[in-house]
Amino acid sequence: MAAAPGNSPFNPLFIYGGSGLGKTHLAQAIGLRVKEKYPDKIVLYVSANRFQTQYMDAVNVKNNLTDFLHFYQTIDVLIIDDVQEFAKKEGTQNAFFHIFDHLQQSGKQLVLTSDCAPGSMQGLESRLLSRFKWGLSAELLPPDFDTRKNIFIAKSQAEGIVLPCDVINFLAEKVTGSVREIEGTLVSLLAHSTLNKEDITLDLARRVTEQIVNVENQEISLDKIRNTVCDYFKISRDAIVSKTRKREIVQARQITMYLVRNLTKTSLASIGSQIGGKDHATVIHACNTVSDLIETDRNIKRYVAELENN
C-alpha cells in the first residue's frame, strides 16, 4: 500500500479481526510509511466514531456539509478505523459512500478496519459492502502457539528478563487471546515477581494466569484442539503441521481439521494455513474423509468421540 498508494489492485485494503490483534497498529503504520515516502501526500487516520461526529456537526451547521465532503475528497490516503460503527447510521453511510467513490475514482488509497469480514457485517447498505469487497480483504488471526512463544520471549527480553523455557511454554499454552492479553499477562508476572521479590517460576506463572486469563480463553480454539489431538495420539505439535505422509500423522492431522471445522468458527482457509500450510480444498477433503471413516471404522469413531469429550 505504502509503495504505491492508490496504484495497486489492493484498494480498498480491508483489514478485519478481533480486538487487540493489531488492526489499528497496522493501519497507522501504513499511513506513517506513506508520509515517509511521500511527504506531500495528505494522509488522514480517523475512527468511524470521529467521522460520525464530524458528519453530525456538519449537518447541524448550514453549508458545512459541503465543506465536510470537500475536505475528505482532498485526502490522498484515507484510513477509517472500525467501519462497523457505521451500522444503521444512514446519513453517515451516504456521506461516506460519496467520499469513497470520489477517492476511488481519483486513484486515492483507502484503508479500512473492522472487527468482522465485509460479508458478515450487519446494518450497512449493500452498495457500501460491495465496495468494501473491491480490493483486498485481509484477516488478522490470533497468534498461534509458536508466535505466542516468540512474543513472550521478545517482550521479556525488552524488559531485560530471561524467562525459563517451562514458563514460556506454559504462558504460550494458556494465554491464547490477543497480543494485548499477552502483554498484560507478562506485565502482571513481572510486577508480582518484583513487588514480592519472588523468582519467576512455573508456580508463579500459574498463579498469575489464574487471576488474569478470562473464561473466553477456556473456550474451544484451534490451538486447544490441536494440542488435545497431539496429546491423545502422543505425537509432537511440530509433526502435525509438518509435511510428513506417515499414516498416523496424516490421520491425526485430518481429525484435527475435522474437529476445528465442527467445533469452532474458524474459516477453511485459516484451518489449512495453521495446520500444515494446506489450502481449503485439502481441509474439505480431510473433513469428508473423517466423516466417512466415522461411519465405517469403529476405532476412528471412538477416537473422535473421546477427543470431542476431552
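## Basis of the model

The structure is a predicted model, in which local features need pLDDT of at least 70 and side-chain atom pairs count only at pLDDT 80 or more, while totals for chains, interfaces and linings use all residues. Residues are numbered from 1 along each chain as its sequence is written, and side-chain values use heavy atoms, with hydrogens and water left out.

## The chain as a whole

The chain contains 15 helices and five strands; helices (H or I, at least four residues) and strands (E, at least two) are DSSP runs, numbered from the N terminus. Its C-alpha trace spans about 70 × 60 × 35 Å along the principal axes.

Of the 310 residues, 41% count as buried. Here buried means under 20% relative accessible area, exposed means over 50%, and partly exposed lies in between (1.4 Å probe, protein chains only). Contact means heavy atoms within 4.5 Å. Among contacts between residues at least 6 apart in sequence, 70% join residues at least 24 apart.

## Helix H6

Helix H6 covers residues 145–158, and its 14 residues reach 20 Å from first C-alpha to last, close to the 20 Å expected at 1.5 Å a residue. The expected span is 1.5 Å times one less than the number of residues. Phe145, Arg148, Ile151, Phe152 and Ser156 of H6 are buried. Seen down the axis, these buried residues fall within an arc of 120°, so they line one face of H6. The arc is that of the directions from the helix axis to the C-beta atoms.

On the other side of H6, Asn150, Gln157 and Ala158 are exposed. The cover over the buried residues of H6 includes helix H7 (165–174), helix H8 (179–195) and helix H10 (222–233). Just after H6, Gly160 adopts a positive phi of about 80°.

## Helix H14

Helix H14 (residues 280–296) has 17 residues and reaches 25 Å between its first and last C-alpha, close to the 24 Å expected at 1.5 Å a residue. Its buried residues include Val283, Ala286, Cys287, Val290 and Ile294. They cover an arc of only 95° around the axis, which puts them on the same side of H14. An α-helix has 3.6 residues a turn, so residues three or four places apart point the same way.

The buried residues of H14 pack against helix H12 (247–263), helix H13 (268–274) and helix H15 (298–309). On the other side of H14, His285, Asp292, Glu295 and Thr296 are exposed.

## The pairing of H3 and H4

Helix H3 (residues 64–72) packs with helix H4 (residues 90–105) at an angle of about 35°, and their axes are 9 Å apart. Axes are lines fitted to C-alpha atoms, for helices over the stretch in contact, and angles run from 0 to 180 degrees between N-to-C directions. Phe68, Leu69 and Tyr72 of H3 and Ala95, Ile99 and Leu103 of H4 make the contact.

## Two loop residues

Ile42 lies in the loop between helix H1 (23–37) and strand E2 (43–47), and is partly exposed, with a relative accessible area of 41%. Leaving aside neighbours within four places in sequence, Ile42 is in contact with Thr74, Ile75, Asp76 and Val77. Ile42 and Val77 are 35 residues apart in sequence and 6.5 Å apart in space, C-alpha to C-alpha.

Asp297 occupies the loop between H14 and H15 and is partly exposed, with a relative accessible area of 25%. Asp297 and Asp40 are 257 residues apart in sequence and 67 Å apart in space, C-alpha to C-alpha.
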